[in-house]
Amino acid sequence: MSSRMMLFVCVLLTSMLGQLPHAQGAGCSSPAGWCSHAGAVKRNLDCDGDGVSDVTCSDSNGGRWAILSKNKCAVDGTGKKPTSICPAAFGCSPPVGWCSHAGSVQRNLDCDGDGVLDVTCSDSNGGRWVILSKNKCAVDGNGKKPTSICPKGFGK
Ligand SMILES: [Ca+2]
Ligand SMILES: [Ca+2]
């Protein structure tokens, strides 16, 4: 067998192995009714980087559920997963101490419509901060964002 032929066989085998998990339907799925409540958003993506898809759910009340391949796709019913378990799905988290001053109110919601949660903070002195997913969750420290950047977060 020529070396070129060997290479071809190797490539073929590798691609077949790569297809296998998908062909077998590996990858987590969610049970019927899971993540169907009001404000809930379900996603299929690979949270933990093992190449097998996971399922996440987040809602507008800050609930976070994850069905992870590395956890044998066990169904999660608590809704209290940390954002760090799947940043791509659960979006931005503020640093410790952010939005903790007197009169401040923090919200988790999707401001920019990309389906990933952002964080807003407003205070009784008219300060407005926002941490946006589309801005790679960069932390905002100046408190001078316009209300238009997140009408839902900054109210009317
Ligand atoms: Ca995974
Ligand atoms: Ca967002």
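1. Strand E2 is mostly covered, for 5 of its 5 residues are buried. A residue is called buried if 20 or more other C-beta atoms lie within 10 Å of its own, exposed if 12 or fewer do, and partly exposed in between, with C-beta atoms placed from the backbone. Strands (E, at least two residues) and helices (H or I, at least four) are DSSP runs, numbered from the N terminus. Asp54, Thr56 and Ser58 point one way from E2, Val55 and Cys57 point the other way, and all are buried. In a regular strand the side chains alternate between the two faces of the sheet.

2. The model is predicted: local features need pLDDT of at least 70, side-chain atom pairs count only at pLDDT 80 or more, and totals for chains, interfaces and linings use all residues. Residues are numbered from 1 along each chain as its sequence is written, while chains are lettered from A and ligands numbered from 1 in the order in which they are written.

3. The predictor's confidence in each residue is given by pLDDT, from 0 to 100. The mean pLDDT of the chain is 84, and 83% of its residues reach 70 or more. A contact requires that the C-beta atoms of two residues, placed from the backbone, lie within 7 Å.

4. The chain has 3 helices and 6 strands, and along the sequence they follow the pattern α-β-β-β-α-β-β-β-α. Of the 156 residues in the chain, 26% are buried. Among contacts with a separation of 6 or more, 35% come from residues 24 or more positions apart.

5. Strand E2 belongs to an open sheet of 3 strands in the order E1-E2-E3, with antiparallel pairing. Two strands pair if DSSP finds at least two bridges between them. The edge strands are E1 (41-45) and E3 (64-67), each of which pairs on one side only. Neighbouring strands of this sheet are turned by 15° against each other on average, direction ignored; the axes are lines fitted to C-alpha atoms, for helices over the stretch in contact, and angles run from 0 to 180 degrees between N-to-C directions.

6. How many bridges join E1 to E2? There are 5 bridges between these antiparallel strands, and the bridge partner of Asn44 in E2 is Val55. E2 (residues 54-58) is joined to E3 by 4 bridges, also in antiparallel fashion. In E3, Thr56 has Ala66 as its bridge partner, and Cys57 has Trp65. E2 and E3 form a hairpin with 5 residues between them, and Gly62 in the turn has a positive phi of about 85°.

7. Val55 lies in strand E2. Why is Val55 classed as buried? Val55 is buried because 26 other C-beta atoms lie within 10 Å. Not counting residues up to four places away in sequence, Val55 touches Cys28, Ser29, Ser30, Lys42, Asn44 and Ile67. Val55 and Cys28 are 27 residues apart in sequence and 6.3 Å apart in space, C-alpha to C-alpha.

8. From E3, Arg64 and Ala66 point one way and Trp65 and Ile67 the other way, and all are buried. With residues up to four places away in sequence left out, Ile67 touches Cys28, Ser30, Asp54, Val55, Cys73, Ala74, Val75 and Asp76.

9. The largest nonpolar core has 24 residues, and those with the most contacts inside it are Cys47, Ala66, Ile67, Leu68, Cys86, Val130 and Ile131. Such a core is a set of buried Ala, Val, Leu, Ile, Met, Phe, Trp, Tyr and Cys residues joined through C-beta atoms within 7 Å. At least two residues of this core are supplied by each of E2, E3, helix H2 (87-90), strand E5 (118-123) and strand E6 (128-131).

10. Another 3 strands form an open sheet in the order E4-E5-E6, with antiparallel pairing. E4 (104-109) and E6 stand at the edges with a single partner strand each, so one side of each is left without a neighbour in the sheet. E5 and E6 run antiparallel and are joined by 4 bridges; in E6, the bridge partner of Ser122 is Arg128.

11. Gly141 is placed in the loop between E6 and helix H3 (151-154). Gly141 is exposed, because 9 other C-beta atoms lie within 10 Å.
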